[in-house]
Amino acid sequence: MKKHEPTSTLLHKLHSDINDEALLTRDLSAIVASRIQEILNQKGLSHKDLAQATRHTQGVVSRWLSGKHNFTLSTIAKISVALNQNILEL
């Protein structure tokens, strides 16, 4: 009969499998979402306003602003145009 590893060992292995790229992707997504929300606040706009301007649903905007969305450059450009402000400064 096969002996099972302790849960803490298994969790450690799973955690160590998360690579630097995945962690950076998560962090960058959160930064972009935060920047979009900051611009919305500065302009007095709602999530509904952004949804209408980008021709997406409020559900999509909610996912964007969750901080977990993996933004494409196309989506970033679409949001920047809708807000009339570049959300990324490179």
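Helix α2 covers residues 20-43, and its length makes a handy check on this predicted model. With 24 residues at 1.5 Å a residue, α2 should span 34 Å; the C-alpha atoms at its ends lie 35 Å apart, so the two values agree.

The start of α2 has a cap. Asn19 sits at the N-terminal end, where one of its side-chain oxygens is 3.2 Å from the backbone nitrogen of Glu21.

Which residues of α2 are buried? They are Ser29, Val32, Ala33, Arg35, Ile36, Ile39 and Leu40.

Ser29 belongs to helix α2. Its relative accessibility is 5%, and because buried means under 20%, Ser29 counts as buried. Leaving aside residues up to four places away in sequence, Ser29 touches Gly67, Lys68, His69, Asn70 and Phe71.

Leu28 is also placed in helix α2. Leu28, however, has a relative accessibility of 45% and therefore counts as partly exposed. Asn70 comes up here too: Leu28 and Asn70 are 42 residues apart in sequence, while their C-alpha atoms are 8.7 Å apart in space.

**The chain as a whole**

Stepping back, the chain has five helices and zero strands. Read from the N terminus, the order of elements is α-α-α-α-α. The chain has 90 residues, and 24% of them count as buried. Its accessible surface is about 6900 Å², with 55% of that belonging to carbon and sulfur atoms.

**Where α3 meets α5**

At what angle do the axes of α3 and α5 cross? They cross at roughly 110° and come within 9 Å. Angles of 65 to 115 degrees count as roughly perpendicular, so α3 and α5 are roughly perpendicular to each other. On the α3 side, the contact is made by Leu50, Ala53 and Thr54. On the α5 side, Lys78, Ile79, Ala82 and Leu83 take part.

Ser80 has its place in helix α5 as well. With 11% relative accessibility, Ser80 counts as buried. Not counting residues up to four places away in sequence, Ser80 touches Gln85, Asn86 and Ile87.

**Helices α3 and α4**

Lys48 is in helix α3. At 45% relative accessibility, Lys48 counts as partly exposed. Ser62, for its part, is in helix α4. Ser62 is partly exposed, with a relative accessible area of 43%.

Here are the residue pairs that have C-alpha distances to look up in the viewer.

| Pair | Apart in sequence | C-alpha to C-alpha |
|---|---|---|
| Lys48 and Gln58 | 10 residues | 5.8 Å |
| Ser62 and His47 | 15 residues | 7.4 Å |
| Leu28 and Asn70 | 42 residues | 8.7 Å |

Arg55 lies in the loop between α3 and α4. Is Arg55 buried or exposed? With 79% relative accessibility, Arg55 counts as exposed.

Asn84 is the other example: its phi is positive, at about 55°, although Asn84 is not a glycine. This residue lies in the segment after α5. Asn84 has a relative accessible area of 68%, and because exposed means over 50%, Asn84 counts as exposed.

Technical notes. Residues are numbered from 1 along each chain as its sequence is written. This is a predicted model: local features need pLDDT of at least 70, side-chain atom pairs count only at pLDDT 80 or more; totals for chains, interfaces and linings use all residues. Side-chain values use heavy atoms; hydrogens and water are left out. Helices (H or I, at least four residues) and strands (E, at least two) are DSSP runs, numbered from the N terminus. The expected span of a helix is 1.5 Å times one less than its number of residues. Buried means under 20% relative accessible area, exposed over 50%, partly exposed in between (1.4 Å probe, protein chains only). A polar contact is a pair of N or O atoms within 3.5 Å; within protein, one must be able to donate a hydrogen and the other to accept it, and residues adjacent in sequence count only if both atoms are side-chain atoms. Accessible areas come from the Shrake-Rupley method with a 1.4 Å probe; for residues, only the protein chains shown count as cover. Axes are lines fitted to C-alpha atoms, for helices over the stretch in contact, and angles run from 0 to 180 degrees between N-to-C directions. Angles under 35 degrees count as roughly parallel, over 145 as roughly antiparallel, 65 to 115 as roughly perpendicular and the rest as oblique. Contact means heavy atoms within 4.5 Å.
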